[in-house]
Amino acid sequence: MSLAALTLSSPLTVSTTTKQKPRPPHNPKPKITCSSLTTQSQSAKQHLLNLISDQERGLKTQNDTNKRDSIIKAIDDMAVLGRNTVTTGDSLSATWQLLWTTEKEQLFIIEKAYLFGTQAGDVLQVIDVDNKTLNNVITFPPDGVFFVRSSIEIASSQRVNFKFTSAVLRGKNWEFPLPPFGQGWFETVYLDDEIRVVKDIRDDYLVVERAPYNWKEKSG
């Protein structure tokens, strides 16, 4: 309803004038939509993938501090985008293939595989949320494999606790069991239909993609 001011223009007439409110300047706030968030995520993800694309799963990054810092900054940006998401549900269950890591033990095995007359093939993390299992797997084609079995428990919307239960180094006609060695946690800070980004208890980082196949443990 407008405000009216009554003005006496003569003893016999009364006129009514309308006072209009000044309009505020048009300055709409930018809206955050699902599509804009998706675009932002895709841009950040592509930037991360570009950074790690020539790093040989992390081997080159070990001696390049600047590159490592740039990659971790990109991972932190992905974590911001994934901050309020649940990453420990059914979509966590998959065979994940290594793209990049800072984990020294994995990188050592990948780098030194030639000492055993072979080279590392796919490096995998196989998670089954329903059965509460995790296998870390390094393959040595055509027949070799090293894998560590773990049990897992969902701790929060992004954190998973794990405990190593056994390890096996296996060739074509032989198998060498190893004792279990440790426990900890990891957080999947970003997860989508293609990749997963992880930080763990030791401040190591992991970037993996969904493998085009499901790895299954074979009997020796």
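The model is predicted, so to speak of local features a pLDDT of at least 70 is needed, side-chain atom pairs count only at pLDDT 80 or more, and totals for chains, interfaces and linings use all residues. Residues are numbered from 1 along each chain as its sequence is written, and side-chain values use heavy atoms, with hydrogens and water left out.

**Largest pocket**
- A pocket is an open set of points on a 1 Å grid over the protein atoms alone, with protein on both sides within 12 Å along at least five of seven lines; lining residues have an atom within 4 Å of a point.
- The largest pocket has a volume of about 560 Å³, a volume being the space filled by probe spheres set on the points, which are joined across faces, edges and corners.
- Its lining has 27 residues, and E103, Q106, N136, F164 and R202 lie nearest the centre.
- β5 supplies the largest share of this lining, four residues; strands are DSSP runs of E, at least two residues, and helices are runs of H or I, at least four, numbered from the N terminus.
- By type, the pocket lining comprises 17 nonpolar, five polar and five charged residues. Here Ala, Val, Leu, Ile, Met, Phe, Trp, Tyr, Cys and Pro count as nonpolar, Asp, Glu, Lys and Arg as charged, and the others, Gly among them, as polar.

**Largest cavity**
- A cavity is a set of grid points where a 1.4 Å probe fits but cannot get out.
- The largest cavity has a volume of about 60 Å³, and residues lining this cavity include W96, E103, Q106 and N136.
- β4 gives the most to the cavity lining, with three residues.

**A buried lysine**
- K45 is found in helix α1 (residues 34-52).
- K45 counts as buried because its relative accessibility is 3%, where buried means under 20% relative accessible area (1.4 Å probe, protein chains only).
- Leaving aside neighbours within four places in sequence, K45 is in contact (heavy atoms within 4.5 Å) with M78, Y190, D192, E194 and I195.

**Aromatic rings**
- The whole structure holds three aromatic pairs; rings of Phe, Tyr and Trp (its six-membered ring) pair if their centres lie within 6.5 Å, and planes under 30 degrees apart count as stacked, over 60 as edge-to-face and the rest as tilted.
- F162 and F164 make a tilted pair, 5.2 Å centre to centre with 55 degrees between the planes, and both are buried.
- Ring pairs join F162, F164 and F186 into a cluster.
- The charged end of R159 sits over the ring of W185, 3.6 Å from its centre, the rule being CZ of Arg or NZ of Lys within 6 Å of the ring centre and within 35 degrees of the ring normal.
- Likewise, the charged end of R196 sits over the ring of W96, 5.3 Å from its centre.

Definitions and conventions:
Buried < 20%, exposed > 50% of the residue type's maximum accessible area, 1.4 Å probe, protein only.
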